[in-house]
Amino acid sequence: MSQARYEQQGAIAVITMDNPPVNGLGMELRRGIVEGLQRAKADDAVKAIVITGAGRAFSGGADIREFNTPASFAEPNLHTVIREIEASTKPVVAAVHSVAMGGGLELALGCHYRVAATGAQIALPEVKLGLLPGAGGTQRLPRVVPLEMALNMIVSGAPVKSEKFKGTKLFDEIVEGDVVPAAVAFAQKVVTEGRGLPKVRDLKVDYPNAQGYLQFARNTVRAVARNFPAPAKCVDAVAAAVSMPFEQGLDAERAGFLELVQTPESRALRHSFFGERAAAKIPDVPADTPLRKIESAAVIGAGTMGGGIAMNFANAGIPVRILEVKEDALQKGIATIRRNYENSAKKGRLKPEDVEKRMGLIQPTMSYEDLKDADIVVEAVFEDMSVKEEVFKKLDEVMKPGAILASNTSTLDVNKIAAFTKRPQDVIGTHFFSPANVMRLLEIVRGEKTAKDVLATTMKLASRIKKLGVVSGVCDGFIGNRMIEQYSRQAGYMLEEGASPQQVDRAIEKIGFAMGPFRMADLAGNDVGWYIRKRRYVERPDMKYPKIADKVCELGRFGQKTGAGFYKYAPGKRDAIPDPVIDELIVAHRKALGITPRKLSDDEIVHRLLFALANEGAKILEEGIALRASDIDMIYLSGYGFPLHRGGPMLYADMYGLYNMVNRMKEFAAMAEKTPNGDPGAWTPAPLLLKLASEGKGFND
Ligand code: 3HC
Ligand code: NAI
């Protein structure tokens, strides 16, 4: 069946794009539109044509899934479709509702007239995928709206509500309610009044000294979008609209699009777009799984994490009780929450009246009785199994049947925690990241017995509190922290072998990381990792560790909070200052191990860190702890400061080539073999990595 429905309403043919979910302009739909146009042309009874979209969008644009496949170029391509519309001898009216984005808006701009429903979201969001609008958007939009407005839309990709275009030439009418009858009536009027076939391409871009303005825009964009080539190319394409005849401008735009679609940055952004949406899908939990209702929440523990978690609920309008065992801890926790809200209000991010509104939703308590009716309770007490046991036994006793019992543990076994209760099916891990009210990532840990509706409800809740929920199975460290441990181990080994903390940090920050491993450790607190390592030394005596981090901790240098860690810090400042004390400590440690330091290249540093992540990621995938490689990437992009333009550790490995990665790991293993305290075993490739490398595939294929 055609993806473009055709029907006639009097003298008006209505072509309805029907390619759920968002009428992406894939090959089938493009063909359907052209066939509809031909049918209307051949029918003398048809005097004008309306094009609209079925369901939730006019059109979300080109079908992103087709990019870099033959289907995206297959005729009729989007240019051809738009040309056919523009060349139609019968007026074509776009009936725009809900969403007209990217190619969808470009298609509308090719129509002779456009009628929009109030509230429709209008955008050229290609830049968010590392692209520029490639079907005339950069040439036509500046011809119908003021140049600054067009450029802003193209460079930011941000949606603008249809009513904001009142007074521009983008829409001929903006109507309330159902847009299709309005567009049909409008088309009828065009016919009756003989209003002709105006084309956007024939309009002029109206702006005095446009080139000066565009040069200014180019400089600004280059400064803010350092890692992405698309925004500057967007400006170039708009500049072509100003300086070139229309067809030549179209060619310039097309060349820019074809260049950008091949870039690793665009691949990474598209990976992130689909990866975020894929994360919500759990193969054995159908999308229509009935959800438990969440209208109230509770948090146990008002410390670093508990306070932030409670804020998330309040921010989403969900009333939340927060419980502590000690009055002073409760007071301190509530005061911190208030201070956070007040700071947001001072910075203008929150209305002053909302501070009280949100504080009003957070009720402190020291009695479990007050929590018993909550729909979900999140435990955020000390990371100690016996404390978790005490809390979960109590929760089992008091909470109403059907309440979700969640733990924010970062390392403990969620199955064991569930077994403290008589309702393990209601227990789940919700691993927030610090600061919990800010960080977007939420690892949702599915226990062996977690019920499907508990998982589905928690995933839904994640998006309600504006988090990116990603499912993890149970293992030590879950997905993110289990991988980061391997990364930190390599960082430590590199200090032993000859690098300085600042060299390691600089190398990885140069490729776009927000913070290198040592600056990060100083920020998070070196004692956190030390505590975990001490446990590991007992539980996993087979696992080797570099020892400089322990020595730093033995000096009481826990990082920023103690004014010194791998770096030193001036009082009240966060700037990491290299410290000769650490240099001496490292030199002495190398000497004790019998290591002659060597010079490590930035390339070695970067690849040892990233391949340590990706190899552990491969094991996690193989064990089924992560559902898909893109889930791992989404965790790293949203929770670990991995640079967006690199797409995450698994995509990085894919782009490097898994075959090449395996070879590189062999070199690292050989080097570790020769190094005292080296750990060649760290470079044993995961079986999945070897398999995919031998098949010439990637993790994300
Ligand atoms: N192509 C293919 N699939 C698309 C798509 C597109 N352009 N836009 C959305 N989808 C898919 C999503 O992947 C998702 O699929 P799933 O259900 O299998 O996970 C589904 O449509 C629904 O998407 P959302 O979950 O995002 O739904 P929302 O209702 O929240 O948002 C939207 C709808 C505003 C259209 C949003 O999806 C969006 O912003 N889409 C991207 C739009 C875009 O970037 N368009 C430009 C494309 S590039 C282009 O047009 C090139 C041209 O210039 C040549
Ligand atoms: P914290 O020490 O700042 O806060 C813990 C709070 O729990 C304290 O206020 C304490 O008084 C309270 N508490 C202790 N026992 C209690 C009990 N029986 N009943 C009620 N309250 C009790 O600890 P933090 O950092 O907030 O960690 C909490 C949990 O979150 C831990 O499981 C930790 O592993 C996890 N986590 C911590 C992250 C971090 O960066 N700090 C990140 C992600 C998870």
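In this predicted model, ligand 2 is surrounded by 23 residues, and the closest of them are M305, E324, E383, K388 and S410. Sorted by class, this shell consists of 11 nonpolar, eight polar and four charged residues.

Several parts of the chain build the shell. Helix 12 (304–315), helix 15 (385–398) and strand 15 (427–432) each contribute at least two residues to it. Helix 15 gives the largest share, with four residues.

Some contacts with ligand 2 can be followed atom by atom. T304 places a polar side-chain atom 2.9 Å from an oxygen atom of the ligand. M305 uses its backbone instead: an N or O atom there is 2.8 Å from an oxygen atom of ligand 2. At V381, a backbone N or O atom is 3.3 Å from an oxygen atom of the ligand. The protein covers 80% of the 830 Å² of accessible area that ligand 2 has on its own.

Now turn to the aromatic rings. The structure has 14 aromatic pairs. How are the rings of Y537 and Y545 arranged? Their centres are 5.5 Å apart and their planes meet at 80°, so this pair is edge-to-face. Y545 is buried because its relative accessibility, 6%, is under 20%. Y537 has a relative accessible area of 27% and is therefore partly exposed.

Y545 also has a charged neighbour: R489 lies over the face of its ring, 5.6 Å from the ring centre. Elsewhere, F433, Y636 and Y640 make up one aromatic cluster.

Key: Residues numbered from 1 in each chain as written. Chains lettered and ligands numbered in written order. Predicted model: local features only at pLDDT ≥ 70, side-chain atom pairs only at ≥ 80, totals over all residues. Heavy atoms only, no water. Near = heavy atom within 4 Å. Polar contact = N/O pair within 3.5 Å; in protein donor to acceptor, adjacent residues only side chain to side chain. Areas by Shrake-Rupley, 256 points an atom, 1.4 Å probe, with all protein chains shown as cover. Nonpolar A, V, L, I, M, F, W, Y, C, P; charged D, E, K, R; others polar. Phe/Tyr/Trp six-rings, centres within 6.5 Å; stacked < 30°, edge-to-face > 60°. Buried < 20%, exposed > 50% of the residue type's maximum accessible area, 1.4 Å probe, protein only. Lys NZ or Arg CZ within 6 Å of the ring centre and 35° of its normal.
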